[in-house]
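Work through the exercises below with the structure open. Try each task before reading its solution.

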Amino acid sequence: MTASAPTRRASALQRMRRGEGPRERRAGSIITLVIVTMLVLVPFAWVISLSFTPPSEAFGSVSLIPANPTLENYTTAFFDADLARALLNSGIVGLVTVATNCLFAVLAGYAFAMLPFPGNKALFYTLVSTAAIPISVTLIPLFLMARGIPLVGGNDILGQGGSGLLDTLAGVILPYIVMPMNIFLARQFFTSAPLELGEAARMDGAGELRIFFSVYLPLARPLIAVVAIFSFTGVWDDFLWPLVVTSSQEVQTVQLALARFLGSGNVQYGPLMAGTVIATVPVLIVFLFNQRSFISGLSDGSVKG
């Protein structure tokens, strides 16, 4: 039985009296968002403030606006830590990683979703489970793989006698050529794609690669944005693997360059904050240009029941 109109009005009045009306809920949500936003933005505002503050005044005041703003910290970051070269190296590593993941990881996800074969699910879940393995566990095997690549870096056909991919940008890229989580996202995306499009293309005589590139890939723009952002930020923010595989300043990434300000007893907070701001800008640019597709892709690639 449905409640009468007076009963519904009485229930609504009771909810409003208890502060459960739509206005109260909306106000509570806005207040929560403001608090969370402040918690996230205030530390970053301090980073920006310190990046423009002279070293002698870095901890002499608590003002977010420096009394004597200067660009000295940015100059020091660029020249003393060779941040320009590090940004170029990280950019190359990031772009190559984005390209390989957008191609190979998306292709693998398409195969798992659209081309059933014996052991499909077992292989997929085994592959995805490797994403839960901490990087510290795989450091030694990855290092040995990078050093033992045949016919590279002075190695013979058996991968011995030289340094392989150690201390090269190719060695930094090696673990990120295909990321398991990107395969997972691609598989979930193509699982929800319409099968009729592929079947119609097969009836017209199209092969699987033709179907992928001509039919499904144009529909996968949100997925490509998600894979690109995850791949780029994952490589750009990595510190441990570049630290292990590189030894010279010529191939250092941006995170290693920033760590140089922490290597001595006298920490240079101003240049460190300036370098942090500079290193954050590319990630923000990548995300802002792909924001809509990124959010849509997360929805399309979410776990299905």
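The model is predicted, so local features need pLDDT of at least 70 and side-chain atom pairs count only at pLDDT 80 or more, while totals for chains, interfaces and linings use all residues. Residues are numbered from 1 along each chain as its sequence is written, and side-chain values use heavy atoms, with hydrogens and water left out.

**Exercise 1.** State how many helices and strands the protein chain has, and what percentage of its residues count as buried.

Solution. Step 1: helices (H or I, at least four residues) and strands (E, at least two) are DSSP runs, numbered from the N terminus. The protein chain has 15 helices and zero strands. Step 2: buried means under 20% relative accessible area, with a 1.4 Å probe and protein chains only. Of the 305 residues in the protein chain, 35% are buried.

**Exercise 2.** Describe how α8 and α11 pack, and name the residues in contact.

Solution. Step 1: two packed helices are described by the angle between their axes and the distance between the axes. Step 2: axes are lines fitted to C-alpha atoms over the stretch in contact, and angles run from 0 to 180 degrees between N-to-C directions. For α8 and α11 (residues 221–236) the angle is about 170 degrees and the axes are 10 Å apart. Therefore α8 is roughly antiparallel (over 145 degrees) to α11. Step 3: contact means heavy atoms within 4.5 Å. From α8, N182, L185, A186, F189 and F190 take part, and from α11, L223, V226, V227, F230 and S231.

Conventions:
Parallel < 35°, antiparallel > 145°, perpendicular 65-115°, else oblique. Buried < 20%, exposed > 50% of the residue type's maximum accessible area, 1.4 Å probe, protein only.
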